[in-house]
Amino acid sequence: MPSISKKGQHMPQSPIRKLVPYAEMAYKQGKTVYHLNIGQPDIKTPEIALDAVKVHSLEILAYTRSEGSDEYRTKIANYYSKHDIHLTKSDIIVTTGGSEALMFAFGSVMDTDDEVIIPEPFYANYNGFSTASGVNIVPVISKIEDNFALPPIEEFEKLITPKTKAILICNPGNPTGYLYSKEEIKKLAHIVKKHNLFLISDEVYREFAYDGVQHYSIMQEEDIAEHAIMIDSVSKRYSMCGARIGCIVSKNKDVISTALKFAQARLSPPTLAQIASEAALQTPQSYFDDVIEEYVARRNTLISELEKIEGVKVAKPKGAFYCIVELPVKNSDAFAQWLLESFDVDGETIMVAPAAGFYSTPGVGLNQIRIAYVLNQGSLIKAVSILKEALKVYKD
């Protein structure tokens with residue numbers, strides 16, 4: 001029988017989705033499952049985006065340009081200008097989700113066996129993107145005791161080798177909810193300029209910044225225009241995960257022209273989804289104000305309830321809609337599976353994401369989970385109460 005590639009064998013499973021069969025089994029047993037495992041917002045997609053697809057006048061669902069339509073890219077640039085990021089449409093390539101934008105970035109600036117430094121824990125699919133690209137992740141560990149703040153710059157410099165090509169951050173962070181300060185971004189800007197590296201920033205949660213703190217983008221650091229690559233997406237901003245529209249942004253013309261080659265190889269981003277995403281840019285600020293207010297309330301409720309459980313440690317997120325929770329268990333993978341297979345409270349249980357998959361360092365994060373607070377406050381309170389009862393009876 002033909003063999004699977006080594007690359008395929010090494011591709012990691014998603015810690016977010018690998019428990020799905022156990023959740024499906026729980027459903028078949030008649031259980032209610034509260035999904036804390038995945039960042040699928042329950043916020044309604046703006047009607048203006050949905051209506052744009054319903055009333056389009058297209059007679060042929062044709063290809064668009066590989067870099068995305070001129071109209072949409074121009075409007076994206078206008079959106080960024082409101083956030084003190086000044087670009088032209090030529091600095092933007094529309095992609096099939098932020099994931100494709102990351103793959104384009106990896107392929108454009110790194111070769112096989114090159115290294116990218118990433119503060120961990122990090123978005124689990126970075127592991128998959130690096131494996132698919134033949135790139136090695138070099139982690140610099142941030143700690144729950146420090147609320148997952150950026151590690152000292154000295155820790156980054158210790159890790160830089162001739163193979164190092166880039167530093168990658170997620171701001172605000174998935175899975176930690178950490179929001180990088182302006183000072184931290186400036187420190188990273190200094191180090192990439194000093195060592196001639198790229199700084200890739202995944203900013204898909206940029207709208208979700210709390211407690212009066214403003215998001216600060218790497219694209220606002222004009223001194224690193226040739227070093228900076230921003231990744232973005234409509235998925236979370238407009239609750240349009242299924243649209244699969246993102247973009248890669250850089251003022252480095254070589255990066256954009258190289259990424260365009262990858263974009264041409266997949267022909268074009270989806271036409272109808274671009275129409276919806278272009279319309280979504282007209283979403284009024286009141287939509288975001290309401291969404292932020294709701295997520296802050298959910299965060300506060302979740303953190304308050306978790307802090308009541310003995311032996312549980314949680315970092316308070318400043319952005320996005322995730323938090324890392326440390327549990328009094330040895331292996332959160334086994335615990336998460338047990339929750340779905342063997343535990344319920346009056347026919348209800350929870351699904352969480354084991355956090356070890358958000359690290360590349362073996363053995364780290366084994367007693368942690370990621371919780372996405374994308375449920376209403378009542379459901380979050382119920383879910384945490386189930387977690388509390390589960391911890392009382394669970395045996396490692």
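A residue counts as buried when its relative accessible area is under 20%, as exposed when that value is over 50%, and as partly exposed in between (1.4 Å probe, protein chains only). Keep that in mind for this predicted model, where local features need pLDDT of at least 70, side-chain atom pairs count only at pLDDT 80 or more, and totals for chains, interfaces and linings use all residues. Residues are numbered from 1 along each chain as its sequence is written, and side-chain values use heavy atoms, with hydrogens and water left out.

Let's start with strand 6. Strands (E, at least two residues) and helices (H or I, at least four) are DSSP runs numbered from the N terminus. Strand 6 covers residues 198-202, and because five of its five residues are buried, the strand is largely enclosed by the rest of the structure. In a regular strand, side chains alternate between the two faces of the sheet. Here Phe198, Ile200 and Asp202 point one way, Leu199 and Ser201 the other, and all are buried.

Now for the neighbours. Two strands pair if DSSP finds at least two bridges between them. Strand 5 (residues 164-170) pairs with strand 6 in the parallel sense over five bridges, with Ile167 opposite Leu199. Strand 7 (residues 228-233) also runs parallel to strand 6, joined to it by four bridges, and Asp202 stands opposite Ile231 there.

On to the cysteines. With a disulfide taken as a pair of cysteine sulfur atoms within 2.5 Å, the structure holds zero of them. For Cys247, the nearest cysteine sulfur is that of Cys170, 14 Å away. Cys247 counts as buried because its relative accessibility is 4%.
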